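Subject: Structure for your review

Dear colleague,

Please find below the structure I am handing over to you.

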Amino acid sequence: MGKKQSKEKRKEYKRQTKKSKRIQKQFEKQKQKDDNEVKILLLGTGDSGKSTIVKQMQILYKGGFEKDEIEIYKNVIRTNIKSYIKTLIKACETLNIQIDQKNKVLAHDFLETVRKNSPEITEELRENLKTLWDDKALKEAYVRRDEFQLPDAAKFFLDQIDTIADKNFTPKEKDILFCRIPTVGVKEIHFEVNEHVWRLIDVGGQRSERRKWIHQFENVNMLIFIVAASEYNQILYEEQNTNRMQESLQVFKKYVNNEYFKKKDLVILLNKIDLFKEKIEKYPITKCFPEYSGKNNFEDTSKFIKKQYLSLVKRKKKRKINSHFTCSTNTDMTKKVIESVLNSVIKSDINRYFM
């Protein structure tokens with residue numbers, strides 16, 4: 001009886017040993033994978049351009065977009081141009097801008113009958129969209145878009161109504177980059193550069209989405225905070241009396257100094273500089289920063305805004321901090337910025353990213 005039990009014990013020992021070795025191998029394999037993975041968290045307020053950066057990564061390192069993704073963007077673009085026209089008509093009413101008399105009935109009927117959530121565009125609807133967009137009142141409302149909520153890409157798409165309405169329309173990469181779909185929840189993209197796996201995580205920037213951010217904080221190696229530089233004279237979607245950049249500064253201060261990130265490298269991307277350069281010629285940054293007394297040019301104002309963000313960072317000596325001006329819809333510019341960010345990681349002592 002004793003010999004039988006001893007034999008069974010030896011068999012069980014061998015089974016457990018094999019199982020232990022198998023688990024150890026799996027652990028070592030996972031550890032090797034983890035040691036080559038850099039987790040980057042993208043943060044920023046809504047409409048700052050985070051998702052556009054993710055799309056650029058897909059273009060640069062993942063070969064672009066699949067057919068089903070392109071189809072989704074096509075429908076969103078077609079739906080959006082109707083929404084833009086509706087928003088502009090309503091803005092004319094709010095801002096007391098008079099629509100051309102011959103287009104008033106058309107504008108009224110458009111608000112009442114056109115389904116903005118449908119991607120379908122008939123020949124009649126295409127002509128109506130063009131007529132309304134050509135109305136001087138809607139153009140004037142567009143110029144005053146900082147007084148209401150209108151996506152930055154509205155003009156880009158409304159200027160190509162004929163192309164978008166065509167039955168054979170297929171969005172190009174540039175169209176997809178300009179197309180905005182608010183991020184809900186968490187989106188990830190993995191890509192390989194220089195023998196490292198980069199895990200880029202995009203979380204929704206709207207107020208309702210920020211409570212989900214904390215679930216992504218663990219094991220982050222680098223934090224990239226996106227700032228829409230052009231939003232200095234715009235108001236929040238969620239709160240009409242709050243300046244967007246002031247909101248961005250508050251969010252930045254709260255999260256970049258979070259306990260999870262106190263030793264993590266930080267990259268600040270001041271995005272949408274193309275729009276910023278256009279705006280700064282007409283609208284001073286005193287709208288957001290009444291204390292500013294410098295010249296109203298790109299060089300001075302952009303430096304001032306960057307300084308406002310950098311001044312909020314604590315423990316500067318314990319982390320590496322970089323900042324870049326960029327335009328996330330410009331693939332060449334984004335590529336240079338991202339390569340600079342990735343190379344800064346590779347050139348540094350890579351081991352400290354996993355401490």
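Predicted model: local features only at pLDDT ≥ 70, side-chain atom pairs only at ≥ 80, totals over all residues.

Residues are numbered from 1 along each chain as its sequence is written, and side-chain values use heavy atoms, with hydrogens and water left out.

Helix packing

Helices (H or I, at least four residues) and strands (E, at least two) are DSSP runs numbered from the N terminus. Axes are lines fitted to C-alpha atoms, for helices over the stretch in contact, and angles run from 0 to 180 degrees between N-to-C directions.

Helix 3 (residues 67-94) packs against helix 5 (residues 123-134) at an angle of about 40°, and their axes lie 11 Å apart. Helix 3 and helix 5 are therefore oblique to each other; angles under 35 degrees count as roughly parallel, over 145 as roughly antiparallel, 65 to 115 as roughly perpendicular and the rest as oblique. The crossing of helix 3 over helix 5 is left-handed, a term used if the near helix is turned anticlockwise from the far one by less than a right angle, with clockwise giving right-handed. In the contact (heavy atoms within 4.5 Å), Ile81, Lys82, Ile85, Leu88 and Ile89 of helix 3 meet Leu125, Leu129, Leu132 and Trp133 of helix 5. By class, this contact of helix 3 with helix 5 has eight nonpolar, no polar and one charged residues. Here Ala, Val, Leu, Ile, Met, Phe, Trp, Tyr, Cys and Pro count as nonpolar, Asp, Glu, Lys and Arg as charged, and the others, Gly among them, as polar.

Helix 4 (residues 104-113) also packs with helix 5, at an angle of about 120° and with the axes 11 Å apart. That angle makes helix 4 oblique to helix 5, and the crossing of this pair is left-handed. Leu106, Ala107 and Phe110 of helix 4 make the contact with Leu125, Asn128, Leu129, Thr131 and Leu132 of helix 5.

The axes of helix 10 (residues 244-256) and helix 12 (residues 298-310) come within 9 Å and cross at roughly 35°. Met245, Ser248, Leu249 and Phe252 of helix 10 are in contact with Ile305, Gln308 and Tyr309 of helix 12.

Pocket and cavity

On a 1 Å grid over the protein atoms alone, a cavity is a set of points where a 1.4 Å probe fits but cannot get out, and a pocket is an open set with protein on both sides within 12 Å along at least five of seven lines; lining residues have an atom within 4 Å of a point. Grid points are joined across faces, edges and corners, and a volume is the space filled by probe spheres set on the points.

The largest pocket has a volume of about 550 Å³. Of its 34 lining residues, Asp152, Ala153, Phe178, Lys272 and Thr329 are the closest to its centre. Helix 2 gives the most to this lining, with four residues.

The largest cavity holds about 50 Å³ of space. Its lining has ten nonpolar, no polar and no charged residues, and helix 13 (331-347) supplies the largest share, three residues.

Yours sincerely
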